[in-house]
Amino acid sequence: MLRLLASGCARGPGPGVGARPVAGLCHPGLRQSRQASDAPRNQPPSPELVARSVGVCSMMRLPVQTSPEGLDAAFIGVPLDTGTSNRPGARFGPRRIREESVMLRTVNPSTGALPFQSLMVADLGDVNVNLYNLQDSCRRIQEAYEKIVAAGCIPLTLGGDHTITYPILQAMAKKHGPVGLLHVDAHTDTADEALGEKLYHGAPFRRCVDEGLLDCKRVAQIGIRGYSTTLDPYRYNRSQGFRVVLAEDCWMKSLVPLMAEVRQQMGGKPIYISFDIDALDPAYAPGTGTPEIAGLTPSQALEIIRGCQGLNVVGCDLVEVSPPYDLSGNTALLAANLLFEMLCALPKVTTV
């Protein structure tokens, strides 16, 4: 039976120092009812009260649960890089992103978002992937996410290579039907196959189209760039109805106007956000498997995610962080910040 694996239980530091106990933490057999609007919610401990080096390594030092019951949103790791085509190491991404997330805080003054006053959030640990079998890993991921979304919990995923988005979208479509997609990446990830294989990190959205998982008129791909083997590498995507926004069309400008158009394109139906860290220029995010020069900036990444506020976001992922290629940790730190921004953009998050 598939289980979400948590490395340990992130316990609060006790009364008066921030974290509140939550029924059912680290006890798979106990079910937790969804919190009433005025009930206490999980809060990351304040660095003013608990040193950043203290505690179990969970996302934002949130409590770790093994069940999505009672949660509005959750961080989940998928430590898989069996589908990579160049530099490996994304299997270590979730752990390093969690490490760097100690720098995050609970409120977003730039957007006015108060996620932890609005939602019940926890860390669900990692999906127990099979590093020796990509097909089996995808099955395990799909089954895990079916349980998460069935519980009414919005998943925010720490990858892992981009293969993982395919089984996640299988689970999403099972509940929501074909979803819209905001895909931020250097690559379209719509190749048909490589070395005779149709399942790898360059093909997840081709497989999604094949299975009818996407509402193709509501797909936007932003940050696309790089050299190719053909002069028209985006023909397939545009023939499906995708909007493809090249990185060079984003150079030296704010993306706020673009996101106004994307919001209109997406409408009020369910949308999934998939953010590959290599969308950013490798000057900012060198720790990734297939870097491409002349990418987006961190400020543009913030504009993209903040531009999703008000959309019906049903899930998000941040993929392709490969810590061995950035020993400074800055790529993972950037990823942790973008995941927090995604949390702040979810429906039902109060803004002031």
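Predicted model: local features only at pLDDT ≥ 70, side-chain atom pairs only at ≥ 80, totals over all residues.
How many salt bridges does a search of the whole structure find? The search finds 17.

**Stop 1: helices α1 and α9**

Select residues 93–100, helix α1, together with residues 330–344, helix α9. The two helices pack with their axes 8 Å apart, at an angle of about 75 degrees. Angles from 65 to 115 degrees count as roughly perpendicular, and α1 and α9 therefore fall into that class. To display the contact, show R96, I97 and E100 on the α1 side, and A332, L333, A335, A336 and L339 on the α9 side. Six residues of this contact are nonpolar and two are charged, while none is polar.

**Stop 2**

Remain on helix α1 and select E99 with R96. Their side chains form a salt bridge, with an N to O distance of 3.3 Å. Both residues belong to α1 and are three residues apart, about one turn of the helix. E99 is partly exposed, its relative accessible area being 39%.

**Stop 3**

Next, select residues 204–210, helix α5. Within this helix, R207 and D210 are three residues apart, about one turn. They form a salt bridge in which the closest N and O atoms are 2.9 Å apart. R207 counts as buried, at 9% relative accessibility.

**Stop 2**

E341 counts as buried, at 8% relative accessibility, whereas R306 counts as partly exposed, at 28%.

**Stop 3: strand β2**

Select I76, in strand β2 (residues 73–78). I76 is buried, with a relative accessible area of 0%.

**Stop 4: the cysteines**

How many disulfides does a search of the whole structure find? The number is zero. Select C308 and C316 to examine one case: the sulfur of C308 has its closest cysteine sulfur in C316, at 7.9 Å, which is too far for a bond. The cut-off for a disulfide is 2.5 Å between the sulfur atoms. C308 counts as buried, at 0% relative accessibility. C138 is also buried, with a relative accessible area of 5%.

**Stop 5: backbone geometry**

Where is a cis peptide bond to be inspected? Select G159 and G160: the bond from G159 to G160 is cis, with omega near 15 degrees. G160 is placed in the loop between β5 (154–159) and α4 (165–176).

Proceed to M252, in the loop between β8 (243–246) and α7 (256–266). Its phi is near 60 degrees, a positive value in a residue other than glycine. M252 is exposed, with a relative accessible area of 88%.

Finally, select K348, in the loop between α9 and β11 (350–351). K348 is likewise a residue other than glycine with a positive phi, near 75 degrees. At 73% relative accessibility, K348 counts as exposed.

Terms used. Residues numbered from 1 in each chain as written. Heavy atoms only, no water. Axes fitted to C-alpha atoms, helices over the stretch in contact; angles between N-to-C directions. Helix = DSSP H or I, 4+ residues; strand = E, 2+ residues; numbered from the N terminus. Parallel < 35°, antiparallel > 145°, perpendicular 65-115°, else oblique. Contact = heavy atoms within 4.5 Å. Nonpolar A, V, L, I, M, F, W, Y, C, P; charged D, E, K, R; others polar. Salt bridge = Lys/Arg side-chain N within 4 Å of Asp/Glu carboxyl O. Buried < 20%, exposed > 50% of the residue type's maximum accessible area, 1.4 Å probe, protein only.
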